[in-house]
Amino acid sequence: MALEDICSSGKTAGSQKWYSTSPLEDLSDCMTDYYNFGLRRPKTSKRNNGVPLQFFLPTLPVSTPSNHRPLLSSSPSETVHRPFRLAHGTTTLGFIFQGGVIAAADTRASAGGLVACPAVHKITPIHSHLVVTSSGSGADCMLWERILTREIRLYQLRHRRRLPIHGAAKLLSFMLHPFKGTNVCVALTLCGWDKEASNLIYVCSDGARLQGDVFSVGSGSPYAYGILDRGLKDSLSKDEAVSLAREAVFRATHRDAYSGNNVDLYHITLINISTRPRRKLLAHQTL
């Protein structure tokens, strides 16, 4: 009765309406292969005794104080505006050459004019064949990297095969698209190998998905592109590619106040198509 009084004092337990935590969920058509942030929606069966495996929240009372915002909103498209403006800045890049894929990034995390952390890892190994460079809001990037890592591992457990990079990019794009127009700020570049081909795919928080041979993302990207456009060739050796990526990030930090400190470099290459791909941390060098 205490829970009933909190949820709605004027309604009985039988007439109380409950809402799912997911705004995209339709309870009238539950599918077994749909996953929403780890909450599975199986069909009703004898095994779960008719109880769905997801959380539900009661509706809030209609009367709320004028000086307080409700904790939950009935409109999923409504966003809560921050009381301050966030200024993002970084320099990340990735490109394809004959010896594999190079991913590079600086290590400075900035909060406006403040250097919040000088040693942030903006390149994250996601799987044995894939690393991701991140730019945008630090919290959002870390969350979506963990979600992508989980989904790739779950796919491999279910299907006994590795999720291709194109499939991982498409999955990430579909998951991010509902957040278009919100304050979510994520820009991830997927760098890796599929079978005998290297892949470089850019995915941002509005659901856009682009594939190319070279990408640079962040406030220092215009300066990095100036170096890459001048020296990038498919016939580069490994040492030349590493030197070019390091110089591109290094030059960007001289002109971009939000980039700096160290340079992280990853070289993703395939030793043998029948063996596990190798990730190589080539450098964590002081500028």
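Colleague: What kind of model is it, and how are residues numbered?

Modeller: This is a predicted model, in which local features need pLDDT of at least 70, side-chain atom pairs count only at pLDDT 80 or more, and totals for chains, interfaces and linings use all residues. Residues are numbered from 1 along each chain as its sequence is written, and side-chain values use heavy atoms, with hydrogens and water left out.

Colleague: How many helices and strands does the chain have?

Modeller: The chain has five helices and 16 strands. Helices (H or I, at least four residues) and strands (E, at least two) are DSSP runs, numbered from the N terminus.

Colleague: And how much of the chain is buried?

Modeller: Of its 287 residues, 39% count as buried. Buried means under 20% relative accessible area, exposed means over 50%, and partly exposed is in between (1.4 Å probe, protein chains only).

Colleague: What share of the contacts comes from residues 24 or more positions apart?

Modeller: Such residues account for 61% of the contacts with a separation of 6 or more. Contact means heavy atoms within 4.5 Å.

Colleague: Which residue carries the "active site" annotation?

Modeller: T90, according to the UniProt annotation, which comes from an unreviewed entry. UniProt positions are given in the numbering used here, feature names are shortened, and annotations may be inferred rather than shown by experiment.

Colleague: Where does T90 lie, and is T90 buried or exposed?

Modeller: T90 lies in the loop between β4 (56-58) and β5 (92-97). With a relative accessible area of 5%, T90 is buried.

Colleague: What does T90 touch?

Modeller: Not counting residues up to four places away in sequence, T90 touches D106, K122, S135, V217, G218, S219, G220, D256, Y258 and S259.

Colleague: Moving on to β5: what about L93?

Modeller: L93 lies in strand β5 and counts as buried at 1% relative accessibility. L93 and F215 are 122 residues apart in sequence, yet their C-alpha atoms are 5.5 Å apart in space. Leaving aside neighbours within four places in sequence, the contacts of L93 include F215, A224, L228, A245 and A248.

Colleague: How is the angle defined?

Modeller: Axes are lines fitted to C-alpha atoms, for helices over the stretch in contact, and angles run from 0 to 180 degrees between N-to-C directions. Angles under 35 degrees count as roughly parallel, over 145 as roughly antiparallel, 65 to 115 as roughly perpendicular and the rest as oblique.

Colleague: What about Y223?

Modeller: Y223 is in helix α4 (residues 221-231) and is partly exposed, with a relative accessible area of 38%. Apart from residues up to four places away in sequence, Y223 touches A252, R255 and D256.

Colleague: Next pair. How do α2 and α3 cross?

Modeller: The axes of α2 (residues 138-159) and α3 (residues 165-176) come within 11 Å and cross at roughly 130°. The two helices are therefore oblique to each other.

Colleague: Which residues meet there?

Modeller: W144, I147, L148, E151 and I152 in α2 meet A168, L171, L172, M175 and L176 in α3. By class, the residues of this contact divide into nine nonpolar, no polar and one charged. Ala, Val, Leu, Ile, Met, Phe, Trp, Tyr, Cys and Pro count as nonpolar, Asp, Glu, Lys and Arg as charged, and the others, Gly among them, as polar.

Colleague: E151, then: is E151 buried or exposed?

Modeller: E151 is buried, with a relative accessible area of 9%. Leaving aside neighbours within four places in sequence, E151 is in contact with L171 and M175.

Colleague: Last topic: what is the phi of R160 and of N261?

Modeller: Most residues other than glycine have a negative phi. Phi of R160 is near 60°, a positive value, and phi of N261 is near 70°, also a positive value. R160 lies in the loop between α2 and α3 and counts as exposed at 74% relative accessibility. N261 lies in the loop between α5 (238-255) and β15 (262-269) and is partly exposed, with a relative accessible area of 27%.
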